[in-house]
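Dear colleague,

Please find below the structure that I am handing over to you, followed by an account of what was found in it. I would be grateful if you could read the two side by side.

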Amino acid sequence: MDITKEQVLQALGHVEEPDLKKDLVTLNMIQDINISGNKLSFSVVLTTPACPLKDLIENACRNAIGHFISKDIEVTVNMTSQVTTQKNTGVPGVKNIIAVASGKGGVGKSTVSVNLALALAKSGAKVGLIDADIYGPSIPIMFGLEGERPKATQENGKTRIEPIEKYGIKLLSIGFFTDPNQPVPWRGPMVSTAVKQLFNDADWGELDYLLIDLPPGTGDIHITVTQSFPVTGAVIVTTPQNVALADAKKGIGMFMMEAINVPILGIVENMSYFTPAELPQNKYYIFGQGGGSKLAEVLDVPFLGEIPLIKGISDSGDAGKPIVLEDNGPMSEAFAAMASSVAQQVSIYNARVAGNSNLVNN
Ligand SMILES: Nc1ncnc2c1ncn2[C@@H]1O[C@H](COP(=O)(O)OP(=O)(O)OP(=O)(O)O)[C@@H](O)[C@H]1O
């Protein structure tokens, strides 16, 4: 049976990308079509390797070929990805900047930042992480990098900092440049300069996502970062208690202010329920259930998922090996799902900005 490229494109033109609400051909996501006898292969270029709809899209492509051309074709679908970007982030090579924030301290913002970064990297994305939490930079401890100093070189009179690479991601923390035993009271302009240097003076290379762990609350650093760099969006971390939810609402309000205007990628609810290690299917909603998702509904922003309260998270954070690195546990599953949701929201946002014309940015 002779099949043509046109027939293939026509068949795949019936497959809609569920989030972007256009067909794969219009979105320029079908590439490298090869036909040899009754053998057909093509690539589907997704907008993120963490795409939660990967399997669904692949099946829909196979069904479309079977339905619109013939069931006798041997189909090979190569699922690849190229992360989209719509903003010049101001940091060469960096496609998307994602801010991780919380209204209140201690809700697990750093834990979420670290495990989100690692889960995105595990999916195949190129990821960097900046720890800008001047009040308690915890990332050096969580990665077992206390006392490390990133290499710095001078190039044409300018300092170039080399981010530290660990567990497949690139890292810089304000904590690498301070002495943990000598808490320095940071002053506004000093903080702004230091944080900007973490973006501007570092060799980040090519990154799909650069995450920034912001200090809790709303303050100088939030304004510096959002006004100096076009942040793709913010992830807001909360816990289920009313006090935390009220502060999360304030945090979201800040990003939505006209002068700041950073899209909210969504709300993550941390410590949602307690799960005993020996009974992982049991969920005890000790701080109340559904607060984070209700807040998301009221504010009309996406809800990115619930992360359980598990003793292992603290232990692994203290031991310098984040929990996501342990395969197949309930935590790595929760973080993988959350990372997919975040990546999905970035893709949707980029598509919206691009007017859905051509998503694959070369
Ligand atoms: N889901 C969880 N289960 C158990 N412990 C957790 C969980 N999330 C965070 N923790 C623990 O709670 C403490 C605070 O977490 P973390 O440092 O991530 O919060 P934070 O919001 O970044 O804090 P800060 O306001 O100081 O920046 C840490 O000891 C951490 O290990």
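An unreviewed UniProt entry annotates residues 5–76 as "domain: MIP18 family-like"; UniProt positions are given here in the numbering used in this message, feature names are shortened, and annotations may be inferred rather than shown by experiment. Over residues 5–76 the chain is 32% helix and 31% strand, and the end C-alpha atoms lie 15 Å apart. Helices (H or I, at least four residues) and strands (E, at least two) are DSSP runs, numbered from the N terminus.

Two points on conventions come first. Residues are numbered from 1 along each chain as its sequence is written. The model is predicted, and local features therefore need a pLDDT of at least 70 and side-chain atom pairs count only at pLDDT 80 or more, while totals for chains, interfaces and linings use all residues.

Confidence

The protein chain has an average pLDDT (the predictor's confidence in each residue, from 0 to 100) of 90, and 96% of the residues score at least 70. Residues 356–362 fall below 50, and this stretch has 16 contacts in the model beyond near neighbours in sequence. Two residues are in contact if their C-beta atoms, placed from the backbone, lie within 7 Å. The model scores are ipTM 0.97 and pTM 0.92.

Domains

The chain is divided into domain 1 (5–81) and domain 2 (94–354), with bounds that come from an automatic or database domain assignment. Their C-alpha centres are 34 Å apart. Domain 1 contributes 8 residues to the contact and domain 2 contributes 13. On the domain 1 side, the residues touching domain 2 are 5 nonpolar, 2 polar and 1 charged. In this classification Ala, Val, Leu, Ile, Met, Phe, Trp, Tyr, Cys and Pro count as nonpolar, Asp, Glu, Lys and Arg as charged, and the others, Gly among them, as polar.

Glutamate 17 lies in strand β1 (residues 16–17) and is buried, because 24 other C-beta atoms lie within 10 Å. The cut-offs are 20 or more other C-beta atoms within 10 Å of a residue's own for buried, 12 or fewer for exposed, and partly exposed in between, with C-beta atoms placed from the backbone. Leaving aside neighbours within four places in sequence, glutamate 17 is in contact with Lys22, Leu24, Leu27, Met29 and Ile57. Aspartate 32, in strand β3 (residues 30–36), counts as exposed, with 11 C-beta neighbours inside 10 Å. Aspartate 32 has a positive phi of about 50° although it is not a glycine. Most residues other than glycine have a negative phi.

The ligand and its surroundings

The ligand is surrounded by 20 residues, the closest being Gly105, Gly108, Ser110, Thr111 and Ser314; a residue is near a molecule if its C-beta atom, placed from the backbone, lies within 6 Å of it. By class, this shell has 7 nonpolar, 11 polar and 2 charged residues. At least two shell residues come from each of α3 (109–122), β14 (264–274), β15 (303–309) and α9 (311–318).

The unreviewed UniProt entry also carries a "binding site" annotation covering Gly103, Lys104, Gly105, Gly106, Val107, Gly108, Lys109 and Ser110. Glycine 106 is in the loop between β6 and α3 and counts as exposed, with 11 C-beta neighbours inside 10 Å. Lysine 109 belongs to helix α3 and is buried, with 26 other C-beta atoms within 10 Å. Not counting residues up to four places away in sequence, lysine 109 touches Val100, Ala101, Ser102, Asp213, Pro216 and Val237.

Further positions in domain 2

Helix α3 also holds leucine 120, which is buried, with 32 other C-beta atoms within 10 Å. Apart from neighbours within four places in sequence, leucine 120 is in contact with Ala50, Ala125, Val127, Tyr209, Ala339 and Ala343.

In helix α6 (residues 220–228), the buried residues are Ile221, His222, Thr224, Val225 and Thr226. Their cover includes β6 (94–102), α5 (188–200), β12 (207–213) and α7 (242–256).

Methionine 271, in strand β14, has a positive phi of about 55° although it is not a glycine. Methionine 271 is buried, with 22 other C-beta atoms within 10 Å.

With kind regards
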